[in-house]
Amino acid sequence: MNYDRILIRYGELSTKGRNRKQFITKLKKSILLSLKEFPAITVELSHDRMFIHLNGVPFEAVKDRLSQVFGIQSFSPVVRTGQDIEEMKAAALELVKRNFSPGNTFKVSARRSDKQFELDTNEINYAIGSHVLRNMESLTVDVKNPDINLLVEVRKGGVFLSCEKYPGAAGLPSGTSGRAMLLLSGGIDSPVAGYFMLKRGVEIEAIHFHSPPYTSERAKQKVIDLAERLTAFGAEIKLHIVPFTAIQQKIQEQVPENYTMTSTRRMMLAMADKIRQKRGGLAIVTGESLGQVASQTLESMRAINDVTSTPVLRPLVTMDKLEIIDVARKIGTHDISILPYEDCCTIFTPPSPKTRPKLEKVQRFESFVDFEEMMEQAVEEMETLQLPNEKIMDEFADLL
């Protein structure tokens, strides 16, 4: 007996009431994106469960990918039987035998969503549990902490059984909470910030500022790889690569050295806001953590934020560096982020940046140059990449 489908439990999505269908449809899209390499797979939606039909694809091939998709509370590979108690008993016994090792304990955890079924939950537990015990001499029952937990769901479409249950990534599916622009450097912090926003259902479009020849093509590829890694969480991501050399050179010429970092961040935020307006975004996301570096003091954040009234979200603001590194390792961005290809921020970092910049001063320093025209030109010249690429998206679009 082989698992032929996967049962998906929604978790938080189950609380969405009238909007549930919209959330579930987004989750289906995220799952198909994550499993795009397996075109034989299909997805069946229902009110409180989702079923992935494997159609010959081994469960082990998709297990790790599903565990990263936001919106899934937990999932189980299942076998399906009819609503016949003898058929259910036979399937249950075979599953327990397959997962049994000497000395194991077990229990039956039944759930009956079809109230028309002849047995209630306790009667299902007893009927199946006693049948398994009669046919496996060395097996014993432990209802609190069993080695084998036999899951039985009785639904109108049949009965689904499994001895396995895996945690999902929880959160909300991509795109259910609107769109925001993520300032994506090549460092450790910003990809982690993107991960947390994806977990809350925000569709992110990444913006990277590229300053050739000071920053190399390898630095650019590193950022592409980071954005590509974030798509593993069931998200499509557009990456906007903005030419920043001319603006950065003008800042170095015009602005006193200890204020260049503040002015650089202000230009980045202002351009991100222009791109947000073009793309219909609702917020800007950064990887800033309070007090971590000179540009991340409250005084610096105030001076930088002055260029926009758009909400600037900082999901890492209370985390220290070690906490952020732990998450980066967990989500698979850490080893990409530490590759020795520097971005434009690190290349031009002044030796003594101002930690408490005065807004009036930085505004005066910038007033002698028409940065507005330069920013408009940079936004017009930006390069946009679709991740995963358009060809891959077209291959599974018909499945949605």
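Modeller: Lysine 89 and glutamate 86 share helix α3, which spans residues 85-99. They sit three residues apart, about one turn of the helix. An α-helix has 3.6 residues a turn, so residues three or four places apart point the same way. Keep in mind that this is a predicted model. In it, the side chains of lysine 89 and glutamate 86 meet in a salt bridge, with N to O at 3.4 Å. Their surroundings can be read from relative accessibility. Lysine 89 has 13%, so it counts as buried, since the cut-off for buried is under 20%. Glutamate 86 has 48% and therefore counts as partly exposed.

The structure holds 25 salt bridges. Now take arginine 179 and glutamate 203. Their side chains also form a salt bridge, again 3.4 Å from N to O. This pair links distant parts of the chain: arginine 179 belongs to strand β10 (residues 179-183), and glutamate 203 to strand β11 (residues 203-210), 24 residues apart. Arginine 179 is partly exposed, at 22% relative accessible area. Glutamate 203 is partly exposed too, at 24%.

Next comes lysine 220. Its salt bridge partner is glutamate 383, and the closest N and O atoms are 2.8 Å apart. Lysine 220 lies in helix α6 and glutamate 383 in strand β15 (residues 383-387), so the bridge ties together parts 163 residues apart in sequence. Lysine 220 is buried, with a relative accessible area of 14%. Glutamate 383 is partly exposed, at 32%.

Salt bridges can also join up. Asp48, Arg49, Arg111, Glu153 and Arg155 are linked in a network of them.

Two of these residues, Arg111 and Glu153, have numbers that fall in a span named in a record. A nonpolar surface patch is formed by Leu133, Val141 and Val143, with about 240 Å² of accessible area together. Valine 141 belongs to strand β6 (residues 140-141). Its relative accessibility is 47%, so valine 141 counts as partly exposed.

Leucine 184 is in the loop between β10 and α5. It counts as buried, because its relative accessibility is 3%. What touches leucine 184, beyond neighbours within four places in sequence? Its contacts include Ser190, Pro191, His208, Val223 and Leu239. Phenylalanine 209 lies in strand β11. At 5% relative accessibility, phenylalanine 209 is buried as well.

Helix α6 brings us to another helix. Which elements cover the buried residues of α10? Among them are α5 (189-199), α6 (217-230) and α11 (334-337). The buried residues of α10 (residues 321-331) are Ile324, Ile325, Val327, Ala328 and Ile331. They cover an arc of only 165° around the axis, which means they lie on the same side of α10. On the face turned away from that buried side, α10 carries the exposed residues Leu322, Arg329 and Lys330.

Last, the backbone. Between β11 and α6, the loop holds proline 213. The peptide bond leading from proline 212 to proline 213 is cis, with omega near 5°. A cis bond also joins leucine 387 and proline 388, where omega is about -15°. Proline 388 sits in the loop between β15 and α15 (390-397). Asparagine 55 is not a glycine, yet it has a positive phi of about 50°. Its place is in the loop between β3 (49-53) and α2 (59-66). At 49%, asparagine 55 is partly exposed. Alanine 170 has a positive phi too, near 60°. It lies in the loop between β9 (166-167) and β10. With a relative accessible area of 22%, alanine 170 is partly exposed.

Note on methods
Residues are numbered from 1 along each chain as its sequence is written. This is a predicted model: local features need pLDDT of at least 70, side-chain atom pairs count only at pLDDT 80 or more; totals for chains, interfaces and linings use all residues. Side-chain values use heavy atoms; hydrogens and water are left out. Patches are made of residues with over 30% relative accessible area and no salt bridge: like charges are joined within 9 Å, nonpolar side chains (Val, Leu, Ile, Met, Phe, Trp, Tyr) within 5 Å. Accessible areas come from the Shrake-Rupley method with a 1.4 Å probe; for residues, only the protein chains shown count as cover. A salt bridge is a side-chain nitrogen of Lys or Arg within 4 Å of a carboxyl oxygen of Asp or Glu. Helices (H or I, at least four residues) and strands (E, at least two) are DSSP runs, numbered from the N terminus. Buried means under 20% relative accessible area, exposed over 50%, partly exposed in between (1.4 Å probe, protein chains only). The arc is that of the directions from the helix axis to the C-beta atoms. Contact means heavy atoms within 4.5 Å.
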